[in-house]
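Subject: Structure handover and findings

Dear colleague,

Please find below the structure I am handing over to you. My findings follow directly after it.

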Amino acid sequence: MKICSLYGVGYYYIPGTDTCIKIGGYVRYEAYHNDVSGHYADRNPSGHFTRNSQTFGQQARFRLTGDVRTQTEYGTLRSYFSFGFNFLNGSADADNGGIQNAIALERAFIQFAGFTFGRSDTFFGFYNGAAYGLVPLGLDGSSGPSGHNVAAYTWQFGNGLSATISIEDSNARSKGVNDLVNVNLGGASDLKGQSVPDIVGNIRVDQAWGSAQIMGGLHKVGARYYAGATPGFSCQNANTTVCDHPGDEWGWGVGGGLTLKMPWDAKDTLSGVIAYSKGAVGFVAYGNSTTNFIHKQGIAFGADPDAIFVTGSGLELTEAWGGTLAFEHYWTPSLRTSIVGAYLNVSYSDQAKAMIAATGGGTCAASGFVAVTNCDPDYSLWRVSSRTMWNPVRNLDIGVEVAYSQIDTAFAGAAIRGSNGNGLSAGVYNVEDQGYWSAAFRVQRNFWP
């Protein structure tokens, strides 16, 4: 095959055409302690820390990537894909839904004349978590490797300055809506079907010193029908069109990100992102679980739905802010270490707190709890981690990551919890701040080019 030098190293002309293609990918092995899904254990199964839960897991992963480009009178026509397979553990995990043997389509997009159509990262995203850690933090606005369906247009103004407007999948970003009549806080979502996509925009600059971005987004929040069980409001055929519904609201988010190359060595970088949202927690913490739960000596619990409501009320939008900051240093060309910190703060309006306090017959019930003595659903979640990566030979990564995570809990005091089949017995538990250590190990062979 003839080498194509138009787009960099690794491209070849497809025989008989003027189209260039680059094939890549990787094979990966990972082992986890308290991260058995390849995510930090702020969710099931590790969050329960019972004998029903797996605290050690192994995963094999394969990815194949393709980058196909052709020069046209409108510029470069590009299509890109990344897909593969994951296999996590070899036996069923009761908390984790069984064996995870999955096909993963992470990227599949077309770019032409400034347009991007398909599965890419959200254009609200900026921080590249994969560049600094083995396990996703999930406390930033990026969809990360999993990808997000978008239809976008990018203007290039020159000198590295660009702006993008994007229409994006709303459900993938949504953290759900809780009808407190049907479920307690953190229970099953009562989100309406998607009718309006998210609208996202950014302004970005890329220079020799690094890059920077400001971004914003709109997220339509809507619920299904009232349950018809609130005093002073009743209707027949609950959860149907007879019962009406709360009006839709617009959630929104704003943020900014910055990546700096260090003056002493351009390989060393400092990168961070911060965001605020109302009714759209996914703009702050795209990959984080909607219900955070840790049980060790006591129980820590926190939920971050985009909104809550009761029969007869409107939607009460949840507020959130937070971000991630990372620094990476190269000790040698083949050995580097990163340090990452992340924070999420979730808060509710006074009206939302009153609604939550009234659930469970006035006992302030949350998901899995029958009663909570101190009813304050505001909470925060933070993590610190460090990853060291060694490249003994070209295209071979060997890495270790250690992390500490903590929920400064929603609620406090004593709580009655019922048994729900995860090994945690029914009884009275102290609701208090909880933290835990976790670790990951990776060996990855990257295909070249």
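Predicted model: local features only at pLDDT ≥ 70, side-chain atom pairs only at ≥ 80, totals over all residues.

Residues are numbered from 1 along each chain as its sequence is written, and side-chain values use heavy atoms, with hydrogens and water left out.

Disulfides

The structure contains two disulfides, a disulfide being a pair of cysteine sulfur atoms within 2.5 Å. One of them is formed by Cys4 and Cys20, with the sulfur atoms 2.1 Å apart. The torsion about its S-S bond is about 80°, so the Cys4 and Cys20 disulfide is right-handed. This pair links distant parts of the chain, with Cys4 in the segment before strand 1 (12-13) and Cys20 in strand 2, 16 residues apart. Strands (E, at least two residues) and helices (H or I, at least four) are DSSP runs, numbered from the N terminus. Cys4 is buried at 0% relative accessibility, and Cys20 is buried at 1%. Here buried means under 20% relative accessible area, exposed over 50%, and partly exposed in between (1.4 Å probe, protein chains only).

Cys364 and Cys375 are also joined by a disulfide, with an S to S distance of 2.0 Å. The link of Cys364 and Cys375 is right-handed, with 75° about the S-S bond. Cys364 lies in the loop between helix 2 and strand 22 (369-374), and Cys375 lies in the loop between strand 22 and strand 23 (379-390), 11 residues apart. Cys364 is buried at 2% relative accessible area, whereas Cys375 is partly exposed at 24%.

Helix 1

In helix 1 (residues 350-357), the buried residues are Ala352, Met355 and Ile356. Seen down the helix axis, they fall within an arc of 100°, so they line one face of helix 1; the arc is that of the directions from the helix axis to the C-beta atoms. The cover over these buried residues includes strand 18 (307-309), strand 19 (316-317) and helix 2 (359-362).

Asn34

Asn34 is found in the loop between strand 2 (20-33) and strand 3 (56-72), and is buried, with a relative accessible area of 5%. The side chain of Asn34 reaches the backbone oxygen of Trp437 at 2.8 Å.

Kind regards

How values were computed: Polar contact = N/O pair within 3.5 Å; in protein donor to acceptor, adjacent residues only side chain to side chain. Contact = heavy atoms within 4.5 Å.
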